[in-house]
Amino acid sequence: MTRPIRLRWQAAAIMTVAALTVAACSSSSSSGSTPASGSSTGALTASAPGITSTQILIGSHQPLTGPAAPGYDEIAPASAAYFSYVNAHGGVYGRKIVYKYINDGYDPTTTASVVRQLVLQDNVYALFDGLGTPTHLAAVQFLNSEKVPDVFVASGCECWNEPTTYPETFGWQIDYVREGKILGQYVKQHFAGKKVGFFYQDDEFGLDGVKGLDDEIPASMIASKQSYVDTNVNIAPQVAALRASGAQVIVSFSIPAFTALLKLNTLKLGFSPTLVVSNVGSDPITLSGLLESFAKQGGATVNGNALTNGMITDEYLPALSTSDSWYVLLKKVHDQYDPKAPLDGNVFYGMAVAYTFVQAMLKAGRNPTRASLLSAIEAGLPQGPMVSQFAYAAGNHAGATGAYIGIINNGVVTQQGPVLVTDTSASGAITTYTGTEQQAPASGIPSP
Amino acid sequence: MQTLPRRLGVAVIVAVIVVLASIKLDAFRDYQIAEIAVEVTAVAGLTLLTGLSGQISLGNGAFMAIGGYTAALLLMHLNWPFVAVLVLAAAVAAASGGVVGAAAARLRGPYLAGATLMLGVALPSLAYAYPGLLGGDQGLNVAFTTPGFLGATFPLTRWQAWVSAAVALITLVLLANLYYSRIGRNWRAVRDDEVAAALDGVNVAAARILAFVVSAACAGLAGALLAIVTGLVAPGAFTITLSIALLTAAAIGGLGSLPGALWGSLVIVLVPTYVTDVATSNGLSSSVGSNIPVAAYGVVLILVMLVFPQGIQGGLRRILALFTGPDPKTQKPVRPRTDKEGIS
């Protein structure tokens, strides 16, 4: 009776040894690095982890599957396309950028795991454009404790601008509080006397947006506030509550899939409020595709572009128009390196944030360290493709400061009025931006 | 049978191997060791519940959530010593396991599966209902650091691997003792024939409830470990997918087998990472590459069930039997019976 038991346990021990040996053999040895001073000429050195004389390795966590994947899964390939363009045109001081992005399915626990893989196993120089508020919050503490630059988070949460707690972390896009204020002011001015309903994601993303909206929209106008969680696609109860409240305008801080669900649910109820949707959830090409595919799953046929007509949103990047120099550059890169993706706002986003990263790396010096990247950004970056300036400074890690209001018409966002800039405080005024938009460089690559 | 010293011996040997491996391997492998240990702790409890007492649970992820949130709240607000946190997390999960078990003892087959499935889906959503206390979708951050005596440069992931592996091994030794004790025999008796067991003086309901308590305690421990390993408890970590992954790991390893819990956990943790690495290094497009781990998971499950219907451990036992002659154990099905009321 005892023999089989002993055998089993011995087998267990032997197999454990075998499994661990296999793990040991397949693990990559992390290469040590020697810090070197960043002289302006001289040889390229392995000046920081992830940097060799020939390449710069950066990593990211991205939702390639899951609730946030529709639309957002185009962002990292678009960034990679821009890096390929830069690499083909001399790279950053001769080094090629290698961009490794891993799927986290928009699940914070997976994010925690993949970010550790990137930092501890792949030894990336920096984490670039980690996407999502709930997901990146699962990584931000770890990145800062490991002193890994955490640059240009793909989320407008105000929480990335905490230089004392998170000295390594920088935002990039306009934060949701500023967006909320700019959208709120528009609603207050253009829909006076109407009832307004809020629809928002129940996390820092939605709550920051609501904070900005509440700063501008008087409480007497607000009929109802409804939230959703991204794991539950049944939002019929929230939409019914909004309808019952008599809301004539709905302001939505939602990811694209939930903007589409909101629209379809209002249609189902014969409810036709004016929709005001924050930037991250309003890309017309993404929305149109989602509306058509969701409707098809439900056995209906809709015209996606017709359904997004009249939607109000805000934009911090130039409109996708052939008269814009950034669009011309973007199209050139897109057609050569990422031709399969639709040329939409997400692709523009991915390329624009990659442009800003290349700009920061060029400023960080010939042989950059992790610290020199941070000081380069804190010294301020040119706005590049943004329509307003960045807020970057020694005590400020927020990204873009302004946006303009746009109305979607036949799948295109048309600018309404000037670029508006503001801050994140409740009393901070919203003013017209006085600077001018930059032109894209002819080479397509920022100058140091 | 002098089995306790032997089990302790094996546990010590494995512990030494883990310590040596964690020093030798890089920090990410240490993190994976910790992830595997978390998985083993939860799967070991579930494999006894399902394989030994014949009750299915699709809700053990909920017990992990209870353990995880208990640990996070204790560490955040009361700053308790870590060992006490683990004990209390297991105790709270065990108590809720008792409540669920009392209801479960009246349910059979698909009804039990349905009830536990509901628990697994609904309970983590409480975090949305009490965002002030439980942090909503964002969850709670858990601060866990290396103790001072190891020095400032000691890698955190290695310490996490040690702690998790130690908890997993202690759990396995305790469960192995239960397995061969009167309690384990009672569970098997109840699983195989309730009426016969009752005639022999086994308190059927008590045995079934106790199995739930034990598996919930293990899940609670695993949840607390997960909280300190990932530094976060959030509802997204405890979805129904987790509960099903636990059951899958138990089935792949071999239902009712403790070493099987280890094999199943290795598969669940390592296969997705490995497949992702292979997919990306072969230059697959991201839309294909990011879906391949899910497909691989399914393929592994189908293959194991086809080739080793009794799980990896059952397969190993069969292979060992080729060398050592027929083993009476392999004649008997290890899985619970599937007639009348067995799990489906």
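The structure is a predicted model, in which local features need pLDDT of at least 70, side-chain atom pairs count only at pLDDT 80 or more, and totals for chains, interfaces and linings use all residues. Residues are numbered from 1 along each chain as its sequence is written, while chains are lettered from A and ligands numbered from 1 in the order in which they are written.

Chain A contains 14 helices and 13 strands. Helices (H or I, at least four residues) and strands (E, at least two) are DSSP runs, numbered from the N terminus. The C-alpha trace of chain A spans about 75 × 75 × 40 Å along its principal axes. For 448 residues, a compact globule would have a radius of gyration near 22 Å, and the 24 Å of chain A agrees with this. The radius of gyration is taken over C-alpha atoms, and the globule rule is 2.2 Å times the number of residues to the power 0.38. Of the 448 residues in chain A, 56% are buried. A residue is buried if 20 or more other C-beta atoms lie within 10 Å of its own, exposed if 12 or fewer, and partly exposed in between, with C-beta atoms placed from the backbone. Among the contacts in chain A with a separation of 6 or more, 69% are between residues 24 or more positions apart. Two residues are in contact if their C-beta atoms, placed from the backbone, lie within 7 Å.

Chain A is divided into domain 1 (55-174 + 321-401) and domain 2 (177-315); such bounds come from an automatic or database domain assignment. The C-alpha centres of domain 1 and domain 2 of chain A are 27 Å apart. Their contact draws 18 residues from domain 1 of chain A and 17 residues from domain 2 of chain A. On the side of domain 1 of chain A that touches domain 2 of chain A, the elements giving two or more residues are helix 2 (69-72), helix 5 (133-145) and helix 13 (345-363) of chain A. The residues on this side of domain 1 of chain A comprise nine nonpolar, seven polar and two charged. In this classification, Ala, Val, Leu, Ile, Met, Phe, Trp, Tyr, Cys and Pro count as nonpolar, Asp, Glu, Lys and Arg as charged, and the others, Gly among them, as polar.

Two residues of chain A were examined for their backbone angles. Asp129(A), although not a glycine, has a positive phi of about 60°. Asp129(A) is located in the loop between strand 3 (126-128) and helix 5 of chain A, and is buried, with 30 other C-beta atoms within 10 Å. Phe152(A), also a residue other than glycine, has a positive phi near 60°. Phe152(A) belongs to strand 4 (residues 150-153) of chain A and counts as buried, with 26 C-beta neighbours inside 10 Å.

Chain B has 17 helices and two strands. Its C-alpha atoms fill a box of roughly 60 × 45 × 45 Å, taken along the principal axes. The radius of gyration of chain B is 20 Å, in agreement with the value near 20 Å for a compact globule of 344 residues. Of these 344 residues of chain B, 53% count as buried. Among contacts in chain B between residues at least 6 apart in sequence, 78% join residues at least 24 apart.

Helix 12 (residues 240-253) and helix 16 (residues 311-324) of chain B pack at an angle of about 5°, with their axes 3 Å apart. Axes are lines fitted to C-alpha atoms, for helices over the stretch in contact, and angles run from 0 to 180 degrees between N-to-C directions. Helix 12 and helix 16 of chain B are therefore roughly parallel to each other; angles under 35 degrees count as roughly parallel, over 145 as roughly antiparallel, 65 to 115 as roughly perpendicular and the rest as oblique. In this contact, Ala251(B), Ile252(B) and Gly253(B) of helix 12 of chain B meet Gly311(B), Ile312(B) and Gln313(B) of helix 16 of chain B. The residues of the contact are three nonpolar, three polar and no charged.

Beyond helix 12, Leu255(B) lies in the loop between helix 12 and helix 13 (258-281) of chain B. Leu255(B) is buried, with 29 other C-beta atoms within 10 Å. Leu255(B) and Leu49(B) are separated by 206 residues in sequence and by 9.2 Å in space, C-alpha to C-alpha. Val190(B) lies in helix 9 (residues 182-192) of chain B and counts as buried, with 25 C-beta neighbours inside 10 Å. Not counting residues up to four places away in sequence, Val190(B) touches Ser53(B), Gly54(B), Ala197(B), Val202(B), Val204(B), Ala207(B) and Arg208(B). Val190(B) and Leu88(B) are 102 residues apart in sequence and 30 Å apart in space, C-alpha to C-alpha.
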